[in-house]
Amino acid sequence: MGKSRRTVPEELLLLALDPTTGTTAQPQTLDLGLAGAQLVELSLAGRIVPEGDRIAVVLPRPTGDPTLDHALELLRRRGSPVRAAHWIGGPRLGLRQTYLAHLERCGMVTAVPGQVCGVLPTTRYQASDDCTNAAIKQRLDTAIRTGVPPDPRTAALAALAHSVGLGKHLYPGNEGRSSRSRLRDLIRYDPLGGMVAHAVMDVQNGLPSQQNRSPQSDGAPAGAGRPGPRSAGRSGPGGRVAVSRVGVR
C-alpha cells in the first residue's frame, strides 16, 4: 500500500487531536474506533471482506503498513471469520500510542514533551500540517452540508467518528447539533463502515457475547478478558488521558 493516501485510522486519530492542547478527544473509546478503522482500511485494501457480522481474510498479503499488517496477521491466525465486535473489543490496548508514534515517524505530528503538575513527564502531539487536518474535516463538512453521498472512505470515517463520540468535538455546542445528527446519518452510505461503527458502539455498551471467544489467538494470555469501553486509557481532568513518558494527556 502506498503512502499517497492517509489510512482511515490515521485520519480518525488526526480528527481527534485538539490543535490547541495536543490532546486527544474521547480517549476512552478512541482505541476501539482505531481497531474498527483498521478493519475498514483492510477491507478497502482488498485484504478482508465482511461475512454477515464477521470478518474474513481473503488476501493475507502484507499491505506495507506495519500497523495494518500486524492486525491482518492477527486476523489470519484466527483461521476462521471473527465477529467484528469481538475483534474490536479484543485485548489490544495502546492503539492510540502506536498510531501517534507512527504518525510522528511519518512526519504528520510532532511530539512536544511536557509535564503534569510540573512532575510527571508526558508527551503531547501537534499536527505538523494544519492544512492536512483541515482537508480531512472539510470532507466531512462537505458531505454534511451538501447531502451528496460521500465516497466509502469518507462515509466510513464519519461513521467511526460518530461511533466514538467525536461529534461534539468536531461540531460543538447547540449550533453543531444538526451537523452531529447529519454526521450520524452518513453511516448509511458505507455498509462495512456502518457495520464496524455499530460494532464499536456495541462494545462500548457491553453488548457483544464473549462466548466462543479465543483471547490467545489475539496474542493475549489465557484468561485475558475483553476490556470495557473505559479501559483504553487512564482518565485525567476533562476526560483526557495522562500517560507517563510517552502518552497523551
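Predicted model: local features only at pLDDT ≥ 70, side-chain atom pairs only at ≥ 80, totals over all residues.
Local features need pLDDT of at least 70 and side-chain atom pairs pLDDT 80 or more, while totals for chains, interfaces and linings use all residues; residues are numbered from 1 along each chain as its sequence is written, and side-chain values use heavy atoms, with hydrogens and water left out.

Q: Why is Glu-11 called buried?
A: Buried means under 20% relative accessible area, exposed over 50%, and partly exposed in between, with a 1.4 Å probe and protein chains only. Glu-11 has a relative accessible area of 2%, so the word is buried. Glu-11 belongs to helix α1; helices are DSSP runs of H or I with at least four residues, numbered from the N terminus.

Q: What does Glu-11 touch, leaving out residues up to four places away in sequence?
A: Its partners are Arg-6, Ile-136, Arg-139 and Leu-157. Contact here means heavy atoms within 4.5 Å.

Q: Why is Arg-145 called exposed?
A: The relative accessible area of Arg-145 is 56%, and therefore Arg-145 is exposed. Arg-145 lies in helix α6, residues 130-146.

Q: How do you know that the buried residues of α5 line one face of the helix?
A: The buried residues of helix α5 (residues 95-105) are Leu-95, Arg-96, Tyr-99, Leu-100, His-102 and Leu-103. Seen down the axis, they fall within an arc of 160 degrees, so they line one face. The arc is taken from the directions that run from the helix axis to the C-beta atoms.

Q: How do helices α1 and α2 lie against each other?
A: The axes of α1 (residues 8-16) and α2 (residues 27-44) come within 7 Å and cross at roughly 145 degrees. Each axis is a line fitted to C-alpha atoms over the stretch in contact, and angles run from 0 to 180 degrees between N-to-C directions. Among the residues that meet are Leu-12 and Leu-13 in α1 and Leu-30 and Leu-34 in α2.

Q: What makes a set of residues a nonpolar core?
A: Its members are buried Ala, Val, Leu, Ile, Met, Phe, Trp, Tyr and Cys residues joined through side-chain atoms within 4.5 Å. The largest such core has 56 residues, of which Leu-12, Leu-39, Ile-88 and Leu-166 touch the most other members. Helix α2 gives the most to this core, with 8 residues. Ile-88 touches residues including Leu-32, Leu-39, Val-196 and Val-203, not counting residues up to four places away in sequence.

How values were computed. Helix = DSSP H or I, 4+ residues; strand = E, 2+ residues; numbered from the N terminus.
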